Amino acid sequence: MSVLTRDEAQTRAQLLDVQHYSVDLDLTTGDETFESTSLIRFTARTAGDTFVELKPETLHSALLDDEPLDVTTLDGNRLPLRLSEGEHVLRISTTMRYSRTGEGMHRFADPSDGASYVYTQLFMEDVQRVFAAFDQPDLKAVFETAVTAPEGWTVLANGITEQHPDGVWRSAATPPLSTYFVCVAAGPWHSVRTEHAGLPFGIHCRRSLAPHLDADADEILAVTKACYDRFHEKFDEPYPFDSYDQAFVPEFNAGAMENPGLVTFRDEFVFRSAVTVTERQTRAMVIAHEMAHMWFGDLVTLRWWDDIWLNESFAEYMGYQTVNEACSDLFPDTWVDFGVTRKAWGYEADQRPSTHPVAPDPEAVPDTASALLNFDGISYAKGASALRQLVTWLGEKDFLAGINIHFKRHKFGNATLADFIDNLAAATDRDVHAWADQWLRTTGVDTLTPALTGEGLHWKLTVDRDGSRPHRVAAGLYDRDPSGELVLRERRELDVPQTEPAELTGPRPALVVLNDQDLTYTKLRFDQPSLEAALRGLSRIPDALTRAVIWNALRDMVRDGDLRPADYLDVALAHLTEETELALVQGVLGFARTQIADRYVTAEERPAALSTIRQIARALLRRTEDGEAPGLRLTAVRALIDSATTPDQIASWLDEGTVHGGPELDPELRWRILARLAVLGATDEPTIAAELERDPSATGQEGAARCRAALPTAEAKAAAWSALFDTDDLSNYLFTATAQGFWQPEQAELVRDYVPRFYPAAIALGARRGAAMAEAAGRYAFPSYAIDRESLALGERHLTDEMIPALRRKLVDQLDDLTRALTTHTT
């Protein structure tokens with residue numbers, strides 16, 4: 001199959017003006033394939049040769065202006081076209097294959113009730129798996145879809161759908177869309193419908209999840225309506241589509257997809273089991289993120305994939321900011337969660353060999369395969385952080401004025417980074433172009449360190465910058481009161497680099513925190529007195545966002561080898577037991593459990609690390625015995641389960657169906673306990689099968705696959721390995737669950753012989769099953785716990801340009817993480 005290059009897209013865009021698609025899909029022809037017909041109306045500006053893309057199981061016919069084309073000329077995914085100047089009609093009929101990997105038209109059979117569902121995910125090049133198209137983002141057109149579906153199914157699409165007397169579901173015509181935004185979701189959906197601002201709103205899920213969606217419907221719809229109203233206060237352009245549906249779909253690869261009028265979400269956001277308020281906040285943020293795309297991405301779309309950050313960074317920033325503004329009664333401070341989770345993702349991605357600018361050079365994205373590699377913490381979290389810094393520097397009023405100019409000039413069209421910066425510049429006297437060059441065209445993370453000189457009541461604050469970007473930061477100056485509390489004296493706004501030191505009056509602050517309130521994107525270090533004050537008094541700093549900034553700095557110091565992992569755990573033990581902000585507890589415990597205990601300490605140090613985590617969790621359990629903080633208690637229970645080194649306590653919970661003092665065990669906790677018991681060798685196949693009979697849902701199937709792969713026997717590992725790499729029967733989710741169970745730190749010796757087998761197996765899998773499965777193999781099936789020089793050298797030897805790019809990028813990142821883990825073992 002050929003990937004589309006930028007040059008080819010530019011040439012085709014100059015040749016073609018595409019006006020309209022009529023897409024007919026017949027979903028009644030079996031479980032393996034469906035029928036697809038595209039009718040495309042377009043104009044050739046001059047005579048010339050081009051091609052249309054499709055990836056059919058069978059190409060039945062192709063007619064250009066009613067004249068048949070030779071279907072044997074299909075070359076991979078390209079059918080050549082020879083065009084005369086003027087208007088044309090192209091009609092292509094195919095049989096297409098359903099996907100089990102979350103790409104194209106994904107088909108899923110629900111094990112709970114046997115019902116089947118299909119939905120499309122057409123990002124980048126996957127529209128070609130569903131219907132023939134001129135597949136590039138700047139050839140927008142109007143779309144109408146007609147779907148023949150089995151009896152009892154409902155069909156959702158980008159526009160309002162109706163079932164006609166002939167049984168066919170037809171959608172209303174859309175405004176001009178890029179091909180990758182077309183969406184169809186069909187099946188016996190459970191739906192909750194309402195109306196808001198004169199438009200139909202709906203939320204949809206599998207029938208087996210109906211009670212859980214109904215339980216959360218009020219919250220989901222309240223968040224949706226609040227964000228919709230807030231965006232209409234910010235943006236001059238009204239919502240541009242005829243309805244707003246949100247479908248929670250099974251085995252979805254991403255968090256969500258911004259299809260105009262029909263957003264698709266992974267259906268884990270329909271919570272079957274107890275979750276924390278931060279997990280609900282994450283769902284709200286994703287709702288807001290995808291709604292922001294209706295303007296930035298859907299109404300105004302990138303011209304080529306080098307500008308994907310324009311879509312994702314903007315939506316990421318707006319997602320957090322809008323939930324913070326519109327849903328503060330439910331989620332009072334989303335930026336704390338952003339700082340401790342998403343931002344850490346950006347920092348880590350930006351310090352790897354695979355780093356790239358937020359806005360990469362066009363030459364760095366020559367084709368769609370290279371573009372796919374940029375969906376990472378840089379395009380999302382770093383880009384959002386850069387925009388937050390831009391708003392701090394520019395002011396929100398001018399920022400929104402520039403955004404509204406952008407929407408007005410390019411609505412229903414395409415735009416570039418240059419257009420975006422020009423439109424921002426039109427709303428301000430500041431040099432936005434220079435800012436963009438310094439922030440968006442560079443890589444890496446600056447480091448800011450404070451230095452204080454002086455004596456008595458007169459001090460000068462200097463900020464040492466290791467890097468090249470300008471920053472507007474707030475320096476938080478904290479004093480220690482008689483009770484030991486760290487109290488804010490003032491926040492001093494500073495521009496870095498400084499023209500002169502900041503003059504401070506009063507005694508030397510006990511603690512100086514640069515980037516207080518987390519308004520810029522930078523690594524932080526502390527002067528020695530501030531570091532000592534932070535380590536002693538972290539839990540006694542009143543502002544949660546300040547604490548998040550410090551925790552992020554400590555995390556980064558561990559990764560850089562500037563703070564021993566054991567010392568980080570000691571700080572966590574000293575302060576996390578008193579922490580009131582749930583996002584911080586989850587973020588710090590998550591890093592401690594999955595990175596420090598599993599990778600950054602040696603095998604000999606690991607038992608002590610797990611013991612410290614259990615101490616923290618037990619202290620949190622004692623704090624929450626009154627039932628006043630269920631999220632903290634649930635977090636503590638999860639940490640205790642995941643860190644158990646003996647089976648007795650968690651096995652008794654499973655037998656009794658409850659944790660003493662609560663909570664009762666729901667399906668998520670039961671599978672979590674059983675997975676840990678499997679790792680410890682304290683359960684067996686009959687017990688796993690009995691639990692699956694108790695919970696035969698899709699999530700139960702994944703839980704069973706994870707547990708079976710985690711059993712510490714040669715037979716279990718051989719069976720799991722064969723399922724992963726010897727056949728292609730596993731769906732994307734079952735592959736991930738099996739891979740998660742396979743490698744365990746406690747079982748390093750048992751699976752040692754599989755380490756060298758991973759690379760050829762993953763390379764072959766990527767070649768067979770494509771980018772989504774290659775990425776899953778690199779992320780979840782990588783031998784993360786084989787932390788030694790031999791494993792590193794083995795991986796480096798297998799890095800070749802012949803492997804699929806998605807896999808190579810993931811392996812580069814994994815090997816860099818392995819190098820960091822090896823470094824921490826020697827600090």
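Two strands count as paired if DSSP finds at least two bridges between them, and helices (H or I, at least four residues) and strands (E, at least two) are DSSP runs numbered from the N terminus. This is a predicted model, in which local features need pLDDT of at least 70 and side-chain atom pairs count only at pLDDT 80 or more, while totals for chains, interfaces and linings use all residues. Residues are numbered from 1 along each chain as its sequence is written, and side-chain values use heavy atoms, with hydrogens and water left out.

Q: In which sense do strand β16 and strand β17 pair?
A: Strand β16 covers residues 199–205 and strand β17 covers residues 244–249. Phe-201 stands opposite Tyr-244 in β17. Over four bridges, the sense of the pairing is parallel.

Q: Which strands stand at the edges of the open sheet of five strands?
A: The order of the sheet is β15-β16-β17-β19-β18, with mixed pairing. Two strands have a single partner strand each, so one side of each is left without a neighbour in the sheet; these are β15 (190–196) and β18 (256–257).

Q: At what angle do the axes of helix α21 and helix α22 cross?
A: Axes are lines fitted to C-alpha atoms, for helices over the stretch in contact (heavy atoms within 4.5 Å), and angles run from 0 to 180 degrees between N-to-C directions. Residues of α21, including Trp-721 and Phe-725, meet residues of α22, among them Phe-735 and Phe-742. The axes of α21 (residues 714–726) and α22 (residues 732–742) come within 10 Å, and they cross at roughly 145 degrees.

Q: Which element gives the largest share of the lining of the largest cavity?
A: On a 1 Å grid over the protein atoms alone, a cavity is a set of points where a 1.4 Å probe fits but cannot get out, and lining residues have an atom within 4 Å of a point. The lining includes Tyr-347, Asn-515 and Asp-556, and β28 (523–524) and α12 (544–559) each supply at least two of its residues. The largest share, four residues, comes from α12.

Q: What is the volume of the second largest pocket?
A: A pocket is an open set with protein on both sides within 12 Å along at least five of seven lines, and a volume is the space filled by probe spheres set on grid points joined across faces, edges and corners. For the second largest pocket, the volume is about 420 Å³.
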